[in-house]
Amino acid sequence: MDTAQLAESIDSTLVLLTVEEAARRLRIGRTVCYRLIRSGELESITVGHLRRVPADAPAEYVARRRKQHTAIVAPAA
């Protein structure tokens, strides 16, 4: 476990994540994470000149994707 992962696992009080931290939580690359942010699929805010992702945004993104997937896969009744 590298230092960033250790700090993230210890500090559950984080409110905002860097794009890299959000990408790590989603197990995707940084470029894909920026693409999700640009498309509006993953919430982010700017703080000064910095781009930050709210700590709950990755889980919300996954929940929306799961709901969409379920709607597509579920047979029409």
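Visitor: In what order do the elements of the chain run from the N terminus on?
Guide: This is a predicted model. From the N terminus on, the order is α-β-α-α-β-β-α. The chain has four helices and three strands.

Visitor: What order do the three strands take in the sheet?
Guide: The order is β1-β3-β2, in an open sheet with antiparallel pairing. β1 and β2 are at the edges with a single partner strand each, so one side of each has no neighbour in the sheet. From one strand to the next, the twist averages 50 degrees.

Visitor: How many bridges join β2 to β3?
Guide: Three bridges join strand β2, residues 45-47, to β3, and the two run antiparallel. Within this pair, Thr-46 stands opposite Arg-51 in β3. The two strands form a hairpin with two residues between them. In that turn, Gly-48 has a positive phi of about 65 degrees.

Visitor: And over how many bridges do β1 and β3 pair?
Guide: Strand β1, residues 16-18, pairs with β3 over three bridges, in the antiparallel sense. Here Leu-17 stands opposite Val-53 in β3.

Visitor: What holds strands of a sheet together in general?
Guide: Strands pair through backbone hydrogen bonds, in either a parallel or an antiparallel way.

Visitor: Let us turn to the helices. Which strands does α2 lie across?
Guide: Helix α2, residues 19-26, lies across β1 and β3. The helix runs at about 90 degrees to β1.

Visitor: Which residues in α2 are buried?
Guide: They are Val-19, Glu-21, Ala-22, Ala-23 and Leu-26. Just after α2 comes Arg-27, which takes a positive phi of about 60 degrees.

Visitor: Why would residues three or four places apart in an α-helix point the same way?
Guide: An α-helix has 3.6 residues a turn, so residues with that spacing point the same way.

Visitor: Now Ile-37. Where is that residue found?
Guide: Ile-37 is in helix α3, which covers residues 30-39.

Visitor: Does Ile-37 count as buried or exposed, and why?
Guide: Ile-37 counts as buried because its relative accessibility is 12%, and the cut-off for buried is under 20%.

Visitor: What is Ile-37 in contact with, leaving aside neighbours within four places in sequence?
Guide: Its contacts are Val-19, Leu-42, Ser-44, Arg-51 and Val-53. Val-53 is 16 residues from Ile-37 along the chain, and their C-alpha atoms are separated by 8.8 Å.

Visitor: What about the surface? Which residues make the nonpolar patch?
Guide: Val-15, Leu-16, Ile-45, Val-47 and Leu-50 make a nonpolar surface patch of about 390 Å². One of them, Leu-50, is placed in strand β3, residues 50-54. Leu-50 counts as partly exposed because its relative accessibility is 44%.

Visitor: One last point: what share of contacts joins residues at least 24 apart?
Guide: The share is 39%, among contacts in the chain between residues at least 6 apart in sequence.

How values were computed
Residues numbered from 1 in each chain as written. Predicted model: local features only at pLDDT ≥ 70, side-chain atom pairs only at ≥ 80, totals over all residues. Heavy atoms only, no water. Patch = residues over 30% accessible without salt bridge, like charges linked within 9 Å, V, L, I, M, F, W, Y side chains within 5 Å. Areas by Shrake-Rupley, 256 points an atom, 1.4 Å probe, with all protein chains shown as cover. Salt bridge = Lys/Arg side-chain N within 4 Å of Asp/Glu carboxyl O. Buried < 20%, exposed > 50% of the residue type's maximum accessible area, 1.4 Å probe, protein only. Pairing = 2+ DSSP bridges. Axes fitted to C-alpha atoms, helices over the stretch in contact; angles between N-to-C directions. Contact = heavy atoms within 4.5 Å.
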